[in-house]
Amino acid sequence: MSAPPKLGILAIIGTGIQGGRQLTREAVTRIKSANVIMFCVSEPLTRDWLLELRPDAEDLSRFYTDGKDRRTTYEEMVESMLEPVRQGKSVAAAFYGHPGVFVSPSHEAVKRARHEGYRAFMQPAISAEACLYADLGIDPAEHGCLSFEASEWLVFGHRLDPSCVVILWQVDCVGEASYQSDGYNGAHVPLLIESLLRYYDADHIGYLYHAPVLPIGRSKVWPVKIRELHETLRRYRTAGTLFIPPAAEPPVDLDMARRLGIPADELERDIHMPPWGVDPRFQIIMGNTAEPEPHR
């Protein structure tokens, strides 16, 4: 028989994108009941809400320092979460958005805690990707969706398919290993453009996306030609997610469709994609009075 788990517990929870509005009841219960609460969030309202609920909460973002390798920061976060777990305490660690999406220390902490014999788990939450699907009207089941972190895509040679939706994350800091509180200069974005031009025309329109973090806020969508991505990112540093709509219709395996029993008229409807566009309520056009002030 395996040994019973040790007393310490680690619960990784997510705050969602809009702070307190998108927290699940289970996550709130964990925050209230845990012996130790830690957090790493990207906007002050969520931070203030957490500190109001738990004044003793510890801010993991204290480990960030300009120019410091993020891998060192993440290791410090992991050990900070595990220290009270090893003391037999229940720990709840809250991360912005979904705690398992672009949050490597949360995965490492769960894995390490389990390896050491402690109970550890992660609760799902609303992510930026979920907001993107809702705001831009995207169904990833329709013609498929490829999603990559920008540096990961460049380094490991993953192939893109211009006949489906493509989402590239963290395009503003592609190739950057260190933290920069004032944002990134996009030094490696030209390499990203060079690789994208293997799949898309220079004038193919993509959309930079930024989910709203305030209840009264709105999503922001900047249309951008692939060739102008660098200039647009330098002007608007609040967006790091690039959504690229399909540039071509998908190939059809007619023989497979016949073997699957898909009627020809149904196939005809499914293979043709209607023109794609952004809801004008969200779209920010260059020069529009609703356009935010550029980063200076």
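Biologist: Which residue in E7 does serine 147 stand opposite?

Modeller: Serine 147 stands opposite isoleucine 167 in E7, and strand E6 (residues 145–149) is joined to E7 by five bridges, the two running parallel. Strands here are DSSP runs of E with at least two residues, helices are runs of H or I with at least four, and both are numbered from the N terminus; two strands pair if DSSP finds at least two bridges between them. This is a predicted model, in which local features need pLDDT of at least 70 and side-chain atom pairs count only at pLDDT 80 or more, while totals for chains, interfaces and linings use all residues. Residues are numbered from 1 along each chain as its sequence is written, and side-chain values use heavy atoms, with hydrogens and water left out.

Biologist: How many of the five residues of E7 are buried?

Modeller: Five of the five are buried, so E7 is largely enclosed by the rest of the structure. Buried means under 20% relative accessible area, exposed means over 50%, and partly exposed is in between, using a 1.4 Å probe and protein chains only. In a regular strand the side chains alternate between the two faces of the sheet. In E7 both faces are covered, with Val165, Ile167 and Trp169 buried on one side and Val166 and Leu168 buried on the other.

Biologist: And glutamine 170, where is that?

Modeller: Glutamine 170 is in the loop between E7 and H7, and its phi is near 60°, a positive value in a residue other than glycine. With a relative accessible area of 28%, glutamine 170 is partly exposed.

Biologist: What does valine 171 touch, leaving aside neighbours within four places in sequence?

Modeller: Valine 171 is in contact (heavy atoms within 4.5 Å) with Ala150, Val189, Leu192, Leu208, Leu233, Gly240, Thr241 and Leu242. Valine 171 is also among the residues with the most contacts inside the largest nonpolar core, together with Leu168, Leu196, Leu208, Leu229 and Leu242. That core has 23 residues, where a nonpolar core is a set of buried Ala, Val, Leu, Ile, Met, Phe, Trp, Tyr and Cys residues joined through side-chain atoms within 4.5 Å.

Biologist: Which elements give two or more residues to this core?

Modeller: They are helix H6 (150–156), strand E7 (165–169), helix H7 (189–196), strand E9 (220–225), helix H8 (229–235) and strand E10 (241–244). The largest share, four residues, comes from H7. Apart from this core lies another, of 21 residues, among them Phe63, Met81, Val85 and Phe95.

Biologist: Which residues of H7 are buried, then?

Modeller: Those are Val189, Leu192, Ile193, Ser195 and Leu196. They cover an arc of only 165° around the axis, which puts them on the same side of H7; the arc is that of the directions from the helix axis to the C-beta atoms. The buried residues of H7 pack against H6, E7, H8 and E10.

Biologist: What about H5, which residues are buried there?

Modeller: In helix H5 (residues 128–136) the buried residues are Cys131, Leu132, Asp135 and Leu136. Their arc around the axis is only 105°, which puts them on the same side of H5, and they pack against E7, E8, E9 and E10. Glycine 137, with a positive phi near 70°, follows H5.

Biologist: How does E8 pair with E9?

Modeller: Strand E8 (residues 205–210) pairs with E9 in the antiparallel sense over six bridges, and isoleucine 205 stands opposite lysine 225 in E9. E8 and E10 also run antiparallel, joined by three bridges, with leucine 208 opposite leucine 242 in E10.

Biologist: Switching topic, how many disulfides are there?

Modeller: The count comes to zero disulfides, a disulfide being a pair of cysteine sulfur atoms within 2.5 Å. For cysteine 145, the closest cysteine sulfur is in cysteine 164, at 6.8 Å, which is too far for a bond.

Biologist: Last one: where does glutamine 22 lie?

Modeller: Glutamine 22 lies in the loop between strand E1 (9–14) and helix H1 (25–33). A polar atom of its side chain lies 2.7 Å from the backbone nitrogen of isoleucine 17, and the side chain of glutamine 22 also reaches the backbone nitrogen of glutamine 18 at 2.9 Å.

Methods:
Polar contact = N/O pair within 3.5 Å; in protein donor to acceptor, adjacent residues only side chain to side chain.
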